[in-house]
Amino acid sequence: MDTQSLQAFLAVADHGSFSLAGEQLHLTQPAVSKRIASLEEQVGARLFDRINRRVSLTEAGRLLLPRARQILVMVDDSRRALSNLSGDVAGSLTMGTSHHIGLHRLPPLLKRYTRAHPEVRLDMRFLDSEQAYQEVLDGELEIAVVTLAPVPDPQLTVVPVWVDRLRFVCAPDHPLAQGATPALSALSGHDAVLPGPLTFTRGIVIDTFARDGLQVQVALSTNYLETLKMMVSIGLGWSVLPESLIDASLHVLDIEHRPIERPLGYLVHKSRTLSNAARSMMALLDEARQTP
């Protein structure tokens, strides 16, 4: 089994399309088909069903899929281990981060990193934190800098770096902004705009209300905090946002409640051989760690 055929197999499986796999791999569709045919001949089984333009994995394909990922991760690990012997900080670093962290936390660190290690090619991918977690587990990312999960996966090394304090906010002309400081229960009577239901941040907010026996009326959702800020500023509902995003377009609600905080940090797979480029990035992040 050659790695190129395995890469083509994973690309078709992930996209459900030979043409989209070709775009990812910068190959023509016939070239992808040829690699898949070669792999099917090697394993002695059909890997994909093609019915009415839909591509789906066969039973053999589903069996091969996790093993193919493991094989390619092992090949990459071997290359990194050999490259690390030179001690040079070079090559490629595949790193994922959320839009908010990428905009508001990482720029000074990335500036220092690229100046210190000009030979490193940074492959930055902006993803939801939850997706970045999964891609580290799958071996797609070497390191991710994201909102940390309340319960980390035991396969990951997770290191907190910053703490985001979240504040309750609404529009200056919202009913909650008028009069005395509202209680947490008052927010349950008004629509909220929050991150999506599967996000770590949404879970933190919902759990905060649930501990007081309260529910949240979520009217709108988006995973982009800058978009949430806009929706709050025009009066579509209240929300919780990091202090770094708050400006004159928002009214801060000083709810009498313990602060809501979310940890931000980095994670790597415990079983993965890390490149010198990744270790250098981790060292910079460790320097930036906030004292609890």
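**View A. The largest nonpolar core and its most connected members.** In this predicted model, the largest nonpolar core holds 23 residues, and those that touch the most other members are Leu93, Leu106, Ile143, Trp162 and Leu285. Two or more core residues come from each of strand 3 (91-97), helix 6 (107-116), strand 5 (143-147), strand 6, strand 11 and helix 11 (276-287). Helix 11 gives the largest share, six residues. In soluble globular proteins, nonpolar side chains tend to be buried together.

**View B. The surroundings of Leu106.** What does Leu106 touch, not counting residues up to four places away in sequence? The list consists of Met95, Thr97, Ile101, Met124, Val145, Trp162 and Leu285. Two of these, Trp162 and Leu285, are also named with Leu106 among the core residues that touch the most other members.

**View C. Strand 5 between its partners.** Is strand 5 enclosed or open? Five of its five residues are buried, so strand 5 is largely enclosed by the rest of the structure. Strand 3 and strand 5 run parallel and are joined by three bridges; across this pairing, Thr97 stands opposite Val145 of strand 5. With strand 11, strand 5 pairs in the antiparallel sense over four bridges, and here Thr147 stands opposite Leu264 of strand 11.

**View D. Strand 6 and the strands paired with it.** Strand 6 covers residues 156-170 and pairs with strand 11 (residues 260-269) in the antiparallel sense over ten bridges. In this pairing, Leu166 stands opposite Ile260 of strand 11. Strand 9 (residues 239-242) also pairs with strand 6 in the antiparallel sense, over four bridges. Strand 10 (residues 251-253) is likewise an antiparallel partner of strand 6, over three bridges. Which residue of strand 9 is the bridge partner of Phe168? That partner is Val240, while in strand 10 Phe168 stands opposite Leu253.

**View E. Ser129 in helix 7.** Ser129 lies in helix 7, which covers residues 129-138. Is Ser129 buried or exposed? Its relative accessibility is 7%, and the limit for a buried residue is under 20%, so Ser129 counts as buried. Leaving aside neighbours within four places in sequence, Ser129 is in contact with Ser98, Val146, Thr147 and Phe200. Of these contacts, Thr147 is also the residue that stands opposite Leu264 in strand 11.

View F. Helix 3 runs over residues 29-43. Val32, Ile36, Leu39 and Glu40 are the buried residues of helix 3. These residues cover an arc of only 100 degrees around the axis, which means that they are on the same side of helix 3. On the other side of helix 3, the exposed residues are Pro30, Lys34 and Glu41. Gly44 follows helix 3 and has a positive phi, near 70 degrees.

View G. Returning to the cores, the largest one, with 23 residues, draws its largest share, six residues, from helix 11. A second, separate core has 19 residues, including Ala11, Val12, Ala21 and Ile36. Ile36 is also one of the buried residues of helix 3.

Technical notes. Residues are numbered from 1 along each chain as its sequence is written. This is a predicted model: local features need pLDDT of at least 70, side-chain atom pairs count only at pLDDT 80 or more; totals for chains, interfaces and linings use all residues. Side-chain values use heavy atoms; hydrogens and water are left out. Two strands pair if DSSP finds at least two bridges between them. Buried means under 20% relative accessible area, exposed over 50%, partly exposed in between (1.4 Å probe, protein chains only). Contact means heavy atoms within 4.5 Å. A nonpolar core is a set of buried Ala, Val, Leu, Ile, Met, Phe, Trp, Tyr and Cys residues joined through side-chain atoms within 4.5 Å. The expected span of a helix is 1.5 Å times one less than its number of residues. The arc is that of the directions from the helix axis to the C-beta atoms.
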